[in-house]
Structure formats: structure tokens, C-alpha cells
Amino acid sequence: IFKAEKKFEVWVGKEKKFVLLKEYGIPPTFNMRVGPKRRRGDLLIPEGFYIITSLNHQSFFYLSLGINYPNELDKILTTDKNSPGGDIFIHGGQASFGCIPLTDEGIQEVYLLAVEAKNAGQKDIPVHIFPARLLMEKDALEIVIPEFDSALIEFWKNLREGYRFFETEKVLPQIEVKNKRYLFQKPTR
């Protein structure tokens, strides 16, 4: 998911590498601000590396897919240890409060892909959420988005490492959290 561009890409594994299956637009009426979710009620969408934890066919928003926010790093970086927020979903509809909306048609397709993946034995379905396409070289993030503080720029540089890993290798990295950041390694399987 690319927040600034309002794009949602679906990638599928094919012959040990991933290929882009389809790109969806996030409804243009939805105000998706960049910046990671750090507490309940901030109306921000998380940024980072997540997995789908629930498939809800009886959602208030037609269909929905829950993600594991807050993840391990979110729990470390939250600004409110007692209330980092939760219940983040990808769902149908044109609007949302802190979740990721797709059109009803889009969520139907994505939901069915998730069901097929689970039925085929896939344990985890990853969801990567970025502030934007992180293609910039070196320290260009500070130039493109200078109004953000240095800690947030460092967080985005860390996200960029994971983004570049996937874009280069076309495989999912193994991800762990250490020293308040994500670490990415080649899969061992």
C-alpha cells in the first residue's frame, strides 16, 4: 500500500518469485495522510510490515481483512503505551477512520485472493504499508518531505530498506525487530 499515491498493489508468488497481479486505486475521496499510526484516535493508518490476521465476511464495510496492528515495532514506537490503537482493516467502501478502504469491487477481489491463499495452505499473508513509493536515493527523503522530523525520516529510511529488498529480489524478506527498527534478511527456505 502506498499512501501518498493512494495505490494498493497485489503481488502473487510465481515460480519462487513474486509478480504484480493487479493494482487498485484507493478511493480519491479518502484523505490518507502520510505518517505512521502511533496512538488510538490519531486517524492515521499504520506504516510498516504486517500480516492479515482475520477475514471478515460480515463486516460493517461489506468485507474486511484485519491486520496485526500494532505489530512488535509499533508497540515499541507508540506514543501512548496504554492505547496504541488497534482494529485496523482493509475494507470496502469509500471512507474510513484509520483503516484502508478499497471499493467494494476491489475488496471482493482481494478478499477472495486471501481466502484462496489460506485454503491453499498459506499461513501468513503479508501487507506492507508505505508512506509513498520509496524509490529515492540516499537522503532525498529529507528534501522531498522536509516538514517531518528526523526520527520519522529515519523510520522511513528503514521502511525503504524493506521496500528495496522486495523490489530487487522479488521475494519476501524475513523480518525481525531489533534496536527499534526492522531488520530484513533473505528467506532461509
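Reader: Where is L43 in this one?

Author: This is a predicted model, and L43 lies in the loop between β2 (17-25) and β3 (48-59).

Reader: What's its phi like?

Author: Positive, about 60°, even though L43 is not a glycine.

Reader: And is L43 buried or exposed?

Author: Exposed, because its relative accessibility is 52% and the cut-off for exposed is over 50%.

Reader: Switching to omega: which peptide bond is cis?

Author: The one from Y69 to P70, with omega near 0°. P70 belongs to the loop between β4 (62-67) and α1 (72-77).

Reader: Now packing. Which residues touch the most other members in the largest nonpolar core?

Author: F8, I90 and I100, in a core of 26 residues. Two or more residues each come from β1, β3, β4, β5 (88-91), α2 (104-119) and β7 (126-129).

Reader: Which element gives the largest share of that core?

Author: That's α2, with five residues.

Reader: Back to F8: what is it in contact with, leaving aside neighbours within four places in sequence?

Author: F8 contacts I1, K22, E23, Y24, I26, I90, I100, L102 and V110.

Terms used:
Residues numbered from 1 in each chain as written. Predicted model: local features only at pLDDT ≥ 70, side-chain atom pairs only at ≥ 80, totals over all residues. Heavy atoms only, no water. Helix = DSSP H or I, 4+ residues; strand = E, 2+ residues; numbered from the N terminus. Buried < 20%, exposed > 50% of the residue type's maximum accessible area, 1.4 Å probe, protein only. Core = buried A, V, L, I, M, F, W, Y, C linked by side-chain atoms within 4.5 Å. Contact = heavy atoms within 4.5 Å.
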